[in-house]
Amino acid sequence: MKPNHKYSILPFNQCALCGINSDLKLSHIIPSYFGKSIKGKCQTIVDALNPEKTPKPQDITKVYLLCGECEGKINKWETLFRNRIMPKNKSILAPVIYGEWMLRFAVSISWRVLTYLKYSKLHLTDHISNKEFEKFVPAIESDSHKEAEKALNVWKDFLMGNRNDVGIFKQHIIVLNGENFPHEYSNAVGFTIFQKNGILTTHALMKHFIILGFIQESSSLEWEGTEIDPIRGELGKQQKIPELYFNWLADMFQEIENSSLTEWQSRKNQKDMIRAFKSGNGFYR
């Protein structure tokens, strides 16, 4: 792997999870099967790491990140989610029971998102042509960097089996069943961060599911039925989210809905603008 390869973001040639010097594998930030499940239905999947070939409906964001052993470990949790949650719950209505593997799956997503955002190039908001979408692709504010680093280390230790819990850096999962939110859009894949009024989370949108990795939490905001139980839980129960996040999410769905193929195609030769999405905060539809 060459250091300047288009899929290289790490400043070292070590596995970002276990730290071992090894040939790194191409790792998807969001499980690849989510990208595969939408590419046949929509022609607007954009690979933010390969702007010269956008729109490119073959794949979603992937980078050299993990050694083969760590890639295999994370793949086991991804397979459990795909086999135990997705087929049984295509309607996203019937309750589905999950085990302790769910927390590890969610943490693996949040850890990858935050690791990517830490090492990837900075987001250049000046070159986003759709200014309405700009608010959904922010950089983590400087006074939150310390907490973000703590979350990254806690999630890493949890995935490596060096600790049994995630402490205050909890994981939430939101199910999109077509009835929860205005402009709900469940044929999109992407990741960013959500930060408002003292709250900061990683935010991974994966079709019918959203994974939130909490870095900073506000006690004034109420979440119900979304926190992932570390031992055993159930998807399909009624969920309640704070109005602040509800409004942000509804606006985001509206902007994703408004982003047409024509708009994406008009950007493909604007390399300065495309670099704005190299932080990985782009959305794939």
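This is a predicted model: local features need pLDDT of at least 70, side-chain atom pairs count only at pLDDT 80 or more; totals for chains, interfaces and linings use all residues.
Student: Why is helix 3 described as largely enclosed by the rest of the structure?
Tutor: Helix 3 covers residues 101-119, and its end C-alpha atoms are 27 Å apart. This agrees with the span of 27 Å that 19 residues should have at 1.5 Å a residue. Helix 3 is largely enclosed because, of its 19 residues, the number buried is 16.

Student: Is Glu 78 buried or exposed?
Tutor: Glu 78 has its place in helix 2, which covers residues 68-84. The cut-off for a buried residue is under 20% relative accessible area. Glu 78 has a relative accessibility of 9%, and therefore it counts as buried.

Student: Which residues is Glu 78 in contact with, leaving aside its neighbours within four places in sequence?
Tutor: A contact requires heavy atoms within 4.5 Å. With those sequence neighbours set aside, the residues in contact with Glu 78 are Pro 31, Tyr 33, Phe 105 and Arg 112.

Student: Which side chain does a polar contact of 2.7 Å join to the side chain of Glu 78?
Tutor: A polar contact requires a pair of N or O atoms within 3.5 Å. At 2.7 Å, the partner of the Glu 78 side chain is the side chain of Arg 112.

Notes:
Residues are numbered from 1 along each chain as its sequence is written. Side-chain values use heavy atoms; hydrogens and water are left out. Helices (H or I, at least four residues) and strands (E, at least two) are DSSP runs, numbered from the N terminus. The expected span of a helix is 1.5 Å times one less than its number of residues. Buried means under 20% relative accessible area, exposed over 50%, partly exposed in between (1.4 Å probe, protein chains only). A polar contact is a pair of N or O atoms within 3.5 Å; within protein, one must be able to donate a hydrogen and the other to accept it, and residues adjacent in sequence count only if both atoms are side-chain atoms.
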